[in-house]
Amino acid sequence: MALTPELHAYVAERRSERDPVLAELAEETSRLGRAAAMQVSPEQGAFLSLLVRAIGAQHALEVGTFTGYSAISIARGLPEDGRLLCCDVSEPWSAIARRAFARAGLDDRIELRVAPALDTLRSLPAGEAFDFAFVDADKTSYRAYLEEILPRLRTGGLIVFDNVLWGGAVVDPTDRTSDTVALRELNDFLPGDPRVECVMIPLADGLTIARKRGRNEGERR
Ligand SMILES: C[S@@+](CC[C@H](N)C(=O)[O-])C[C@H]1O[C@@H](n2cnc3c(N)ncnc32)[C@H](O)[C@@H]1O
């Protein structure tokens, strides 16, 4: 069922996460104009915090930070000694994010690297360093992000991909734009990938949650 605007507002209101720093950041970001639409919705932010806390994540990764809303949401779910590594290519948006991290009292928990995310990921040491990853950057690289993140994720860890419904374009066969094609390919690939179990949920523009399977789990499929 598609949500009516009334139902969407109803859903969005009924969350427990209320953070004045996030409200202020959303207001600041709205002044950027059209780019502001890239920010995750408040209910998505609350969902990210809950997921991170629910799996007891200590080390998290974000690909696509923009002005920092989802990063703060993720970091809020981490313990005090937790760590979040953020990747973005934009200096001006990263500057806004860094100021927001400081206002949220999270600047000691978050490292933001300004560089193409694939370069940052490939520069990381091998090993299962992360418990949780959120992917919300250039859509044509989503599959490459999966391949770089999965070996660095612990068994049972989660990768969450944003915008997997792409405003409904993924089910429009006439839409052959590169972003739509890349998202459709990932959406078709993941359910058959023995390395993960996944589910897509129609929150905001669609989220896919992929959990890394253990070796034996993979063999049982
Ligand atoms: C949809 S926005 C992220 C929104 C953010 N998660 C939030 O909730 O505010 C996408 C971001 O990805 C960044 N981006 C685009 N291509 C990138 C790349 N190759 N590597 C790293 N970041 C990239 C953009 O600069 C932009 O800030």
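Guide: The radius of gyration is taken over C-alpha atoms, and the globule rule is 2.2 Å times the number of residues to the power 0.38. This is a predicted model, in which local features need pLDDT of at least 70 and side-chain atom pairs count only at pLDDT 80 or more, while totals for chains, interfaces and linings use all residues. Residues are numbered from 1 along each chain as its sequence is written, and side-chain values use heavy atoms, with hydrogens and water left out.

Visitor: What radius of gyration does the protein chain have, then?
Guide: The protein chain has 17 Å, which agrees with the value near 17 Å for a compact globule of 221 residues.

Visitor: And how many salt bridges are there?
Guide: The count comes to 16, where a salt bridge is a side-chain nitrogen of Lys or Arg within 4 Å of a carboxyl oxygen of Asp or Glu.

Visitor: Which residue does glutamate 28 pair with?
Guide: Glutamate 28 forms a salt bridge with arginine 99, their closest N and O atoms being 3.8 Å apart. Glutamate 28 lies in helix H2 (residues 20–30) and arginine 99 in helix H5 (residues 91–103), so the pair ties together parts that are 71 residues apart in sequence; helices here are DSSP runs of H or I, at least four residues, numbered from the N terminus.

Visitor: Which residues are linked in that network?
Guide: Glu24, Glu28, Arg99 and Arg103 are linked by salt bridges.

Conventions. Helix = DSSP H or I, 4+ residues; strand = E, 2+ residues; numbered from the N terminus.
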